[in-house]
Amino acid sequence: MFENINNRLLPIKAHYFLFNAATGPIVPFLPTIAKQLGFSGFLVGTIYTILPISGLIAKPLFGALADKFKIHKILFLIFQVIVAIALFTIYFIPEIHNKANVYLTCNGEATLEMCSKHGFSDKIIQDVITELHLNESCQVSCKATKEIYLEICSYWKVPHFCELENSSTILDTDTFNFTLTFDIFHDFYINNCMYIRIFTAQFSDGAIYKPACNIM
């Protein structure tokens, strides 16, 4: 069985076997890794579109150069080093910071405070901070605590939360959802934080409430 093996081709066969065995488990998960780092699906799709196109152009081009100048081994080793460096540097790709901490605050009036460690892009700021009166709304999910239930019951005058505030079965995983309405004309941006003045809040009962603050 082994007498038909071409010993001269064993190194290259071993290379491709080990190379595909090493990259096979990694490549399918690269889109997931990119998403976790904050890259958009559009960007990942663009990269995966460019890769085969670049390979379609580069392989015959460098193959012709290798044949013409008889430098097959040199080109092979050069590109192996490039691939190894490229795969190794994936570990050092920085995460895109596109997350922001959001808080309900009271600065004389109910305000949605959104802060990002690295600030917001100019496009986001232009979209949120305008000189036009535009009513917008957003869905909000908050962690449930007795303190926030008491605040909403006492100052937002939402009856349902008065009952919840007296409940002794609030779990750490409990949340509640509602819809906020605001006019982006009143938004402002200070020290990597956006402040959105809340006009109304709508809870699961369908009623619309005017958020108020405890300013004592």
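User: Is C142 buried or exposed?
Analyst: This is a predicted model, and in it C142 counts as buried because its relative accessibility is 12%, under the 20% cut-off.

User: And C138, how far is its sulfur from the closest cysteine sulfur?
Analyst: The closest cysteine sulfur to that of C138 is in C142, 9.9 Å away, which is too far for a bond. C142 is in no disulfide either. C138 is partly exposed, with a relative accessible area of 22%.

User: How many disulfides are there, then?
Analyst: The count is two disulfides. C115 pairs with C193, with 2.0 Å between the sulfur atoms. C153 pairs with C162, with the sulfur atoms 1.9 Å apart.

User: What does the C115 and C193 pair tie together?
Analyst: C115 is in strand β2 and C193 in strand β6, so the link joins parts 78 residues apart in sequence. The torsion about its S-S bond is about 115°, so this disulfide is right-handed. C115 is buried at 18% relative accessibility, and C193 is buried at 10%.

User: Which hand is the link of C153 and C162?
Analyst: That link is right-handed, with 95° about the S-S bond. C153 is buried, at a relative accessible area of 15%, whereas C162 is partly exposed at 27%.

User: Switching to T179. Where is it, and what does its side chain make a polar contact with?
Analyst: T179 sits in strand β4, residues 175-183. Its side chain makes a polar contact with the side chain of Q139, at 3.0 Å. Beyond its neighbours within four places in sequence, T179 is in contact with residues including C138, T200 and Q202. T179 counts as buried, at 17% relative accessibility.

User: Which residues touch the most other members of the largest nonpolar core?
Analyst: I152, F161, F176, F178 and F203, out of 27 residues in that core. Elements that each supply at least two of the core residues include β2, β3 (135-143), α6 (146-155) and β4. Not counting residues up to four places away in sequence, I152 touches K157, V158, F161, F176 and F203.

User: What about domains, how far apart are their C-alpha centres?
Analyst: The domain assignment gives domain 1 (9-91) and domain 2 (102-209). Their C-alpha centres lie 47 Å apart.

User: Which residues does UniProt list as "transmembrane region"?
Analyst: The unreviewed UniProt entry lists 12-33, 39-62 and 74-93. In the model, residues 12-33 are 73% helix and 0% strand, with end C-alpha atoms 30 Å apart. Residues 39-62 are 92% helix and 0% strand, with end C-alpha atoms 31 Å apart.

Terms used
Residues numbered from 1 in each chain as written. Predicted model: local features only at pLDDT ≥ 70, side-chain atom pairs only at ≥ 80, totals over all residues. Heavy atoms only, no water. Helix = DSSP H or I, 4+ residues; strand = E, 2+ residues; numbered from the N terminus. Buried < 20%, exposed > 50% of the residue type's maximum accessible area, 1.4 Å probe, protein only. Polar contact = N/O pair within 3.5 Å; in protein donor to acceptor, adjacent residues only side chain to side chain. Contact = heavy atoms within 4.5 Å. Core = buried A, V, L, I, M, F, W, Y, C linked by side-chain atoms within 4.5 Å. UniProt positions renumbered as here; feature names shortened; annotations may be inferred. Domains from an automatic or database assignment. Disulfide = S-S within 2.5 Å.
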